[in-house]
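Q: I would like to go through this model before the group meeting. Could we take it topic by topic?

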Amino acid sequence: MAITYKSVDGELNDPVLLEGILRLHHSIFGESALLEEQMKEKMKLRIEIALQENEVLGYKMGYELKKETFYSWLGGVDSRWRGKGIASELMDRQHHYARASSYKTIETRTKNKWRNMLLLNIKNGFDIVGIYATADRDVKIILEKKLF
């Protein structure tokens with residue numbers, strides 16, 4: 001079966017897709033209790049979703065950080081579907097949306113432990129522009145990509 005892609009602007013009102021994203025988020029990051037509420041708080045939220053029928057294979061979320069900057073917030077691909085180009089396709093779709101929406105920069109943050117995401121970002125034109133330690137002493141890497 002073919003993989004299809006869906007884009008959602010703003011609140012995700014489809015309960016099947018929402019549950020699929022929450023389940024996948026939990027399987028990757030180990031928690032999802034606050035995600036639905038956090039999604040509602042984001043200005044100009046955009047969600048890219050990879051599907052096979054109604055099964056969520058991957059997702060990528062972002063939102064407007066400031067007038068000319070789009071923040072690539074969260075994303076992931078089901079471990080059974082990694083290595084098939086889904087993360088790259090979701091990123092390409094997000095960047096296309098950001099360019100078409102007149103954003104000049106995409107910013108994202110990641111941790112060293114998420115090496116595949118770090119490498120994907122660097123491979124796709126992101127530059128490391130800083131690092132910082134969180135309250136729990138975890139180091140985050142700040143990346144930025146100029147959109148042309």
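Q: How many aromatic pairs does the structure hold?
A: This predicted model holds five aromatic pairs. One of them joins Tyr63 and Trp73, whose ring centres are 5.8 Å apart.

Q: Why is that pair edge-to-face?
A: The planes of the Tyr63 and Trp73 rings stand at 80°, and planes over 60 degrees apart count as edge-to-face, so the pair falls in that class.

Q: Where in the chain do Tyr63 and Trp73 lie?
A: Tyr63 is in strand 3 and Trp73 in strand 4, ten residues apart.

Q: And Tyr63, buried or exposed?
A: Tyr63 is buried, with a relative accessible area of 12%. Trp73 is likewise buried, at 15%.

Q: What lies over the face of Trp73?
A: Lys42 does, at 4.9 Å from the ring centre. Trp73 also belongs to one aromatic cluster with Tyr63 and Tyr71.

Q: Turning to Phe70, which residue forms an aromatic pair with Phe70?
A: Tyr97 does; that pair is edge-to-face, with 5.6 Å from centre to centre and 70° between the planes. Since Phe70 lies in strand 4 and Tyr97 in helix 3, the pair ties together parts that are 27 residues apart in sequence. Phe70 counts as buried because its relative accessibility is 0%, and Tyr97 is buried at 14%.

Q: Change of topic: what is the strand order in the open sheet?
A: The seven strands follow the order 1-2-3-4-5-7-6, with mixed pairing. Strand 1 (4-9) and strand 6 (127-133) stand at the edges with a single partner strand each, so one side of each has no neighbour in the sheet.

Q: How many bridges join strand 3 to strand 4?
A: Eight bridges join them, and the two strands run antiparallel. Within this pairing, Gly58 stands opposite Val77 of strand 4.

Q: What does helix 1 touch on the sheet?
A: Helix 1 (residues 15-29) touches strand 1, strand 2 (46-52), strand 3 and strand 4, and its direction makes about 90° with that of strand 3.

Q: Now Glu107: where is Glu107 found?
A: Glu107 is in strand 5 (residues 105-111). Glu107 counts as buried because its relative accessibility is 10%. Its side chain makes a polar contact of 2.8 Å with that of Arg109. Beyond four places in sequence, Glu107 touches several residues, including Phe70 and Tyr71.

Q: Last one: which residues does Arg93 touch, not counting those up to four places away in sequence?
A: Arg93 touches Tyr5 and Glu48. Arg93 is placed in helix 3 (residues 86-100) and counts as partly exposed, at 31% relative accessibility.

Conventions. Residues are numbered from 1 along each chain as its sequence is written. Side-chain values use heavy atoms; hydrogens and water are left out. Helices (H or I, at least four residues) and strands (E, at least two) are DSSP runs, numbered from the N terminus. Buried means under 20% relative accessible area, exposed over 50%, partly exposed in between (1.4 Å probe, protein chains only). Contact means heavy atoms within 4.5 Å. A polar contact is a pair of N or O atoms within 3.5 Å; within protein, one must be able to donate a hydrogen and the other to accept it, and residues adjacent in sequence count only if both atoms are side-chain atoms. Two strands pair if DSSP finds at least two bridges between them. Axes are lines fitted to C-alpha atoms, for helices over the stretch in contact, and angles run from 0 to 180 degrees between N-to-C directions. Rings of Phe, Tyr and Trp (its six-membered ring) pair if their centres lie within 6.5 Å; planes under 30 degrees apart count as stacked, over 60 as edge-to-face and the rest as tilted. A charge sits over a ring if NZ of Lys or CZ of Arg is within 6 Å of the ring centre and within 35 degrees of the ring normal.
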